[in-house]
Amino acid sequence: MSDADRVRVHLHHTMTGRYPLRLLDLLFYGDRVLAVEYDYLTGFDIATGGARRRAEAFAATVTEEGVAAAVDTAERCRELPYETLDGVRIYDGGSLGRVKVVLDRATGSSLTVRVHGEVDVESFAGAVRTVLAPYDATVERESGLGLRDALPVLSRR
């Protein structure tokens, strides 16, 4: 296994999208981030703990069978080479919200996730900075909910 094929940072139990939400993990390799979507969620799933159980099952597959086996179970995988990223913004969620991570792309749409698992924001930001150090992408750690992305959409209504 080459160094580029080794997962450097694994952000676990995140969600993206509107309805239905999609459960995914972000796998940061030496040259790309892989967004692994492994389930769709309804409000009932979230209310009954189904999202947590599915995220734990995915993590167990990663641990017990390896990343390749876990990726094989995915509904969808999106690969984002670091050359296509302008930056990564990490919001701490403030006192009310969840951690938010935005992968800003130079071309194409950005990927935004909310973290529903446990994450140490400072350690995560530092680890991502280390992985992205050879690239032009910046890593910003910000306070708050990270609503600046949604405000232009809201103002157009």
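Student: Which backbone oxygen does the side chain of threonine 16 reach?

Tutor: The side chain of threonine 16 comes to 2.6 Å from the backbone oxygen of threonine 112. A polar contact is a pair of N or O atoms within 3.5 Å; within protein, one must be able to donate a hydrogen and the other to accept it, and residues adjacent in sequence count only if both atoms are side-chain atoms. This is a predicted model, where local features need pLDDT of at least 70, side-chain atom pairs count only at pLDDT 80 or more, and totals for chains, interfaces and linings use all residues. Residues are numbered from 1 along each chain as its sequence is written, and side-chain values use heavy atoms, with hydrogens and water left out.

Student: Is threonine 16 buried or exposed?

Tutor: Buried means under 20% relative accessible area, exposed over 50%, partly exposed in between (1.4 Å probe, protein chains only). Threonine 16 has 9%, so this residue is buried. Contact means heavy atoms within 4.5 Å. Beyond neighbours within four places in sequence, threonine 16 contacts Leu21, Arg22, Leu24, Leu111, Thr112 and Val113.

Student: Where is threonine 16 found?

Tutor: Strands (E, at least two residues) are DSSP runs, numbered from the N terminus. Threonine 16 belongs to strand E1.

Student: What is the order of strands in the open sheet?

Tutor: Two strands pair if DSSP finds at least two bridges between them. The eight strands run E4-E3-E2-E1-E7-E6-E5-E8, with mixed pairing. Strands E4 (76-81) and E8 (138-142) each have a single partner, so one side of each lacks a neighbour in the sheet.

Student: How many bridges join E6 to E7?

Tutor: Four bridges join these antiparallel strands, E6 (residues 100-105) and E7 (residues 111-115).
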